[in-house]
Amino acid sequence: MPAYRPTADCIWTSFLASGKRHLVVTGGRRSGKSTLLAALAPRLGAAGALPGLTTWAQPGRAVYLKENITGRTAVIGRFDPALPGPENRMRPVAEGFCALGVPALRRCAGAAEEWALLDEAGYLETACPEYCAAVLDLMSRKRLAAAVRKQDPPFLRRLCRHPDVFCVDLDAPFGSLGCVIMASGLGRRFGGGKLLAPFAGRPLLQYALDATQGVFARRVVVTRSAEAAAFCRGQGVPVLLHSRPFRSDTVRLGLAALRADAGQKPPAGCLFCPADQPLLRRETVAGLALCAADDPQSIWRPAWQGRPGAPVLFPAWAFPELCALPEGRGGGAVAQAHPGSVRLLPAADEWELADIDTPADLARLEATLAGRQGSVRPKTAE
């Protein structure tokens, strides 16, 4: 299955949750940086063109810089066939940056708009230290939305790693995160067989598989149900079948399974996703992963009107505590022990966080999915 590509809405929601001031989209050639930046532009509060600068290239000829408001242009790179390699064969023209770019950035700093736009920055900018300094000065005065080519000059690294920048790498937006789908409950209150019970025509477990598909470097379903295990294997989803009784067992076994392959990079964090929240959106799961990729030291949870719910994404520093949970406790105990590390991502609606314990819960959420709002408010998972 292809990897999930975060939408503009997903990125914007995650950016707002981050509390950062600036938004940077990075990636290699043809990764869609400029297209995504254009989709984000209406959220920046501008009816027309945002103040800022746009670059474009004529292959084999030159690279141009345009001031968005005035339309003025300058050449900032000229093609040089003597340069090695198939890429980066434009030789910088520092005069273009100095003559147009630096004054334009200063005009942006004095504009009335809250945001400025830079589409895109690459290796050519390093030829003009005055231009690089003007970009950093602009960031001290305005909020910046920028597309940055994934290259290694110090100035580009400084942009992407700025402490007040929310950076999304379109080549690997979610980093190296893992996911444990918690499917070990026996469903006693449901009457048994909850995981494969039909919900809107599909097995309930399918919704958790869909919500987490394409976001994580590795994921595993941890279950005590042989039928659920066969269902997952039939879709090529790794599964761990066990007979341990406690939720703490599920957490520990899931983490061990994700870290078992010595040839793989250890996960930088892990999402623990319940198997019984069918209205959880993949966009919300992806938003949690984006936030964790940008801020890998925090515990990330979705929330509705400030009330946190599941799933919960833990950073790697929490793994030892998760593996040492008391019998019967879940990851929520670790989150409660570190309230200062918990950060919240707003869910799209309250029903995303609702789980299913009884047939009545299932019927209510089916009605909600069909557009018939239930009269009972949802029960939020721990």
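These questions and answers walk through a predicted model of one protein chain.

Residues are numbered from 1 along each chain as its sequence is written, and side-chain values use heavy atoms, with hydrogens and water left out. Local features need pLDDT of at least 70, side-chain atom pairs count only at pLDDT 80 or more, and totals for chains, interfaces and linings use all residues.

Student: What is the mean pLDDT of the protein chain?
Tutor: pLDDT is the predictor's confidence in each residue, from 0 to 100. In this chain, 95% of the residues reach 70 or more. Over residues 372-377, pLDDT stays under 50. The chain's mean pLDDT is 92.

Student: Is Val-148 buried or exposed?
Tutor: Val-148 is found in strand β7, residues 143-149. Strands (E, at least two residues) and helices (H or I, at least four) are DSSP runs, numbered from the N terminus. Buried means under 20% relative accessible area, exposed over 50%, partly exposed in between (1.4 Å probe, protein chains only). Val-148 has 0% relative accessibility, so it counts as buried.

Student: Where is Lys-20 found, and is Lys-20 buried or exposed?
Tutor: Lys-20 is found in the loop between α1 (8-18) and β1 (22-27). Its contacts (heavy atoms within 4.5 Å), leaving aside neighbours within four places in sequence, include Phe-15, Arg-143 and Asp-294. Its relative accessibility is 17%, so Lys-20 counts as buried.

Student: How do the axes of helix α3 and helix α4 cross, roughly parallel or roughly perpendicular?
Tutor: Axes are lines fitted to C-alpha atoms, for helices over the stretch in contact, and angles run from 0 to 180 degrees between N-to-C directions. The axes of α3 (residues 94-109) and α4 (residues 129-141) come within 9 Å and cross at roughly 10 degrees. Angles under 35 degrees count as roughly parallel, over 145 as roughly antiparallel, 65 to 115 as roughly perpendicular and the rest as oblique. That makes α3 and α4 roughly parallel.
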